Amino acid sequence: MPYLASHISQNLELRTDSRSYADWKKPSVPLFFDIFIFNWTNPNDIKNASSKPILQQLGPYRFREQPDKHNITFGDDNLTITYSKSSLYNFDVDGSSGSLDDVVNTVNMIALGAASAAQHLDSLKFFFANMMLNSQEIHVTKKVREILFEGYHDGLLSIGKN
């Protein structure tokens, strides 16, 4: 095997003894990703037919990812690798333009989903679903942390579950 091909094979091929394996398994270089959220600034104007939604871009909310691969199995053909991946995410305060405590108005996806599903119900169930949905707001006001990670309680889900 020529020197260059041998050098490439030793350094890039994924084997437990190759140079690239450790960085592939658990990268030493930090990985970042940015999330942008759109704040609906005029949700109460939705009832006015001539009004259009006004959206304000917030972010980036930057996160540092620390991935790790485990349960690594090399295929018998030496061409495949199977593994599980886990990641730890940390909020990068310095790289973010905003806080996880920023308050955002966004579309009430739970009510929207319920309204979509209600279209396929028989008339009696549709009547009761419509009564519940009429009490729902078209938007929710939540913190970024609730939208992205923590979640939040929604009474419509509790009713639907029962």
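User: Hi! How many salt bridges does the structure hold?
Analyst: Seven, where a salt bridge is a side-chain nitrogen of Lys or Arg within 4 Å of a carboxyl oxygen of Asp or Glu. Keep in mind that this is a predicted model, where local features need pLDDT of at least 70, side-chain atom pairs count only at pLDDT 80 or more, and totals for chains, interfaces and linings use all residues. Residues are numbered from 1 along each chain as its sequence is written, and side-chain values use heavy atoms, with hydrogens and water left out.

User: Okay, what does Lys85 pair with?
Analyst: Lys85 forms a salt bridge with Glu65, and their closest N and O atoms are 3.2 Å apart. Lys85 is in strand β3 (residues 81-91) and Glu65 in strand β2 (residues 55-74), so the pair ties together parts that are 20 residues apart in sequence. Strands here are DSSP runs of E with at least two residues, helices are runs of H or I with at least four, and both are numbered from the N terminus.

User: Is Glu65 buried or exposed?
Analyst: Glu65 counts as buried, at 13% relative accessibility. Buried means under 20% relative accessible area, exposed over 50%, and partly exposed in between (1.4 Å probe, protein chains only).

User: And which residue does Arg145 bridge to?
Analyst: That would be Asp101, with the closest N and O atoms 2.9 Å apart. The pair links distant parts of the chain, 44 residues apart: Arg145 is in helix α5 (residues 144-150), and Asp101 is in the loop between β3 and β4 (103-107). Salt bridges with shared partners join Asp101, Lys143, Arg145 and Glu150 into one network.

User: Switching to rings: which residues form the aromatic cluster?
Analyst: Phe33, Phe63, Tyr89, Phe91 and Phe149 form one cluster. The whole structure has seven aromatic pairs. Rings of Phe, Tyr and Trp (its six-membered ring) pair if their centres lie within 6.5 Å; planes under 30 degrees apart count as stacked, over 60 as edge-to-face and the rest as tilted.

User: Nice. Where does the charged end of Lys69 sit?
Analyst: Over the ring of Trp24, 4.8 Å from its centre. The charged end of Lys69 also sits over the ring of Tyr83, 5.6 Å from that ring's centre. The test is NZ of Lys or CZ of Arg within 6 Å of the ring centre and within 35 degrees of the ring normal.

User: Last one: where does Phe38 lie?
Analyst: Phe38 lies in strand β1 (residues 31-40), and Phe38 is partly exposed, with a relative accessible area of 44%.
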